[in-house]
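Here is a short briefing for a first look. Have the sequence and the model at hand as you read.

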Amino acid sequence: RRKENKKEALFEEQPRPLGQRLPKGEGAQIAGDKTRDAGADKAAEDSAPLGKRESRKDARGTDWKLPVPLGPVYPPLVSTLSSVKALGRSWELSPPMTNRFWIHDVRVAHLPQQGPFQNFMDMKAEKRLAGRKERRSRFGDINTHKCYQFGQIFCPFQALATTPEEPPLLGPEDSLLAGPEALRYYRRKVARWNRRRRMYKEQLNLTSPEPPVQLHPEASWVQFHLGINRHGLYPRSSPVVSKLLQDMRDFPTISADYSQDEKALLGACDCSQIVKPSGVHLKLVLRFSDFGKAMFKPMRQQRDEETPEDFFYFIDFQRHNAEIAAFHLDRILDFRRVPPTVGRLVNITKEILEVTRNEILQSVFFVSPASNVCFFAKCPYMCKTEYAVCGNPHLLEGSLSAFLPSLNLAPRLSVPNPWIRSYSLAGREEWEVNPLYCATVKQLYPQGSSDRLLNIIDMAIFDFLTGNMDRHHYEMFTRFGDDGFLIHLDNARGFGRHSHDEVSILAPLFQCCRIKRKTLLHLQLLAQAEYRLSDVMRESLLEDQLSPVLTEPHLLALDRRLQTVLRAVQDCIEAHGEQSVVADGPVGQWAPDSGRANATS
């Protein structure tokens with residue numbers, strides 16, 4: 001058989017006479033070895049169905065199936081992934097080649113509908129559908145969009161489904177910005193920026209053929225701002241986010257400057273309130289050719305490095321990959337409260353040093369003994385080259401987080417977290433010593449009469465999954481009132497230690513024993529074998545240019561922490577009942593004995 005195969009291969013490789021056509025279908029489809037197909041069929045028959053995987057249990061042997069009914073589900077977060085379409089594709093050949101070969105388009109309809117490969121795919125589809133039968137009976141009809149045809153790729157991230165569709169927008173009051181007003185504001189801002197750049201060039205006698213920046217209403221960052229509504233920073237099925245991530249990754253920069261925090265450290269701040277040297281958490285604001293703006297956080301720590309055990313959370317490094325991973329996790333959890341974030345390799349010489357007009361930023365660039373270009377933060381004290389970040393020799397990894405609308409258009413309120421930690425070496429906060437602290441919080445406005453406390457608990461679950469202990473404040477848009485969603489900004493101190501779970505981050509959940517039903521349903525689904533959180537995160541992060549964003553231990557830690565959250569909810573349900581723990585809608589009146597029951601628990 002090997003000799004026959006070699007003869008056939010030699011025959012196929014022989015050049016054909018000029019002008020001779022290939023046989024119909026040749027060049028687009030090759031017949032496989034029948035024995036190989038037969039072996040594949042037998043392997044498919046012998047393989048175990050997907051639905052017969054072992055259930056996930058904790059150390060006590062408890063199978064986590066909470067007694068919570070689940071409703072219908074919505075389509076996947078990302079409808080399509082990039083796939084290689086090997087068939088149905090036109091081939092463009094050079095003129096000499098077209099004289100020698102004639103290759104026509106091959107459509108899927110022209111392919112044979114019978115054969116070993118088609119039988120194998122049909123058998124595979126049947127087994128997958130049978131394996132999902134038990135999950136459908138529990139989670140409802142999951143719209144996986146599975147159609148076993150050629151050239152398609154399927155994964156849990158595509159098929160991820162959760163709770164019912166988000167409520168429709170009722171009117172203009174549900175949107176953050178009014179379109180005409182926002183566009184007028186941005187046009188004035190672009191005109192002012194062009195005027196200042198022209199004056200800067202005239203002062204330095206610079207001549208460049210660069211045209212003035214134009215505002216395009218269809219720009220991805222403009223559409224992102226206009227799409228913010230009371231349900232989240234972006235609609236669930238919006239294609240704008242993917243376009244925005246691509247633009248932040250590809251567009252050239254036209255400006256670079258320090259962030260407002262760094263500028264404040266240059267003299268407009270009370271530095272006695274700052275615990276750590278500002279040079280340790282360097283971040284810059286980059287503006288792109290479409291006038292979009294993003295926060296750049298450079299790489300300070302390798303992915304396989306863990307935060308030392310002796311480090312306090314407020315002196316930890318800010319990790320660029322933690323910002324990227326936090327956005328993907330937030331999107332998977334369907335919170336949509338983290339601004340779109342993407343990784344990028346930045347040429348710090350061309351894209352920062354050569355485009356910045358800030359003389360202080362220009363002065364902190366230097367060349368290291370290893371011939372790498374470096375820069376550091378300029379601050380009143382302890383700013384040394386030891387805190388610098390360096391390229392290799394010019395390229396440097398970093399995260400880019402999209403800016404939210406200007407405070408002039410969309411005012412935001414910065415609120416201290418009720419479960420804020422002590423930013424001193426030996427201090428302790430009230431929630432760490434008072435078992436009745438949640439009852440105290442619920443008596444304060446607006447936690448007792450709105451969704452604010454439930455949103456804080458959502459934020460605590462999100463921070464626990466990432467391992468972020470640095471949530472001292474949260475922000476929210478004033479337009480949406482007390483029931484508005486919380487914005488999860490500044491997640492760079494997450495994913496520091498995969499070997500340790502800081503359970504104290506879940507204090508709001510432990511002490512209040514409340515959770516949204518929507519959040520619980522989503523967490524339950526991500527604990528299933530078919531939609532395991534680590535698998536969904538792994539495949540979602542493959543979209544990023546800096547993949548792998550997280551190491552495997554960090555991904556596996558997500559599954560472990562998810563089980564901890566579900567155990568906490570289960571303990572609350574056993575102690576107080578499902579009706580008192582799981583919130584179906586907006587918070588009305590709290591149970592009168594909930595504070596006493598929580599204290600007893």
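**Disulfides and a strand pair**

Cys-438 and Cys-512 are joined by a disulfide, with their sulfur atoms 1.9 Å apart. This comes from a predicted model. The structure holds three disulfides. A disulfide is a covalent bond between the sulfur atoms of two cysteines.

**Cys-438 and Cys-512**

- The link of Cys-438 and Cys-512 is right-handed, with 115° about the S-S bond.
- This pair links distant parts of the chain, 74 residues apart. Cys-438 sits in helix H14 (residues 437-442). Cys-512 sits in helix H16 (residues 507-512).
- Both Cys-438 and Cys-512 are buried.

**Cys-513 and Cys-572**

- The sulfur atoms of Cys-513 and Cys-572 lie 2.1 Å apart and form a disulfide.
- Here the link is left-handed, with -70° about the S-S bond.
- The cut-off for buried is under 20%.
- Cys-572 counts as buried because its relative accessibility is 5%.

**Cys-374 and Cys-390**

- Cys-374 and Cys-390 form a disulfide, and their sulfur atoms are 2.0 Å apart.
- The torsion about the S-S bond of Cys-374 and Cys-390 is about 105°, so this disulfide is right-handed.
- Cys-374 belongs to strand S6 (residues 373-375) and Cys-390 to strand S7 (residues 389-390), so the pair ties together parts that are 16 residues apart in sequence.
- Are these two cysteines buried or partly exposed? Cys-374 has 0% relative accessibility, so it counts as buried. Cys-390 has 35%, so this residue counts as partly exposed. Partly exposed covers the range between the buried limit of 20% and the exposed limit of 50%.

**Strands S1 and S2**

- Strand S1 (residues 253-258) is mostly covered. Of its six residues, five are buried.
- S1 pairs with strand S2 (residues 284-288). The two run in the antiparallel sense, over five bridges.
- Which residue in S2 is the bridge partner of Thr-253? The partner is Phe-288.

Conventions
Residues numbered from 1 in each chain as written. Predicted model: local features only at pLDDT ≥ 70, side-chain atom pairs only at ≥ 80, totals over all residues. Heavy atoms only, no water. Disulfide = S-S within 2.5 Å. Helix = DSSP H or I, 4+ residues; strand = E, 2+ residues; numbered from the N terminus. Buried < 20%, exposed > 50% of the residue type's maximum accessible area, 1.4 Å probe, protein only. Pairing = 2+ DSSP bridges.
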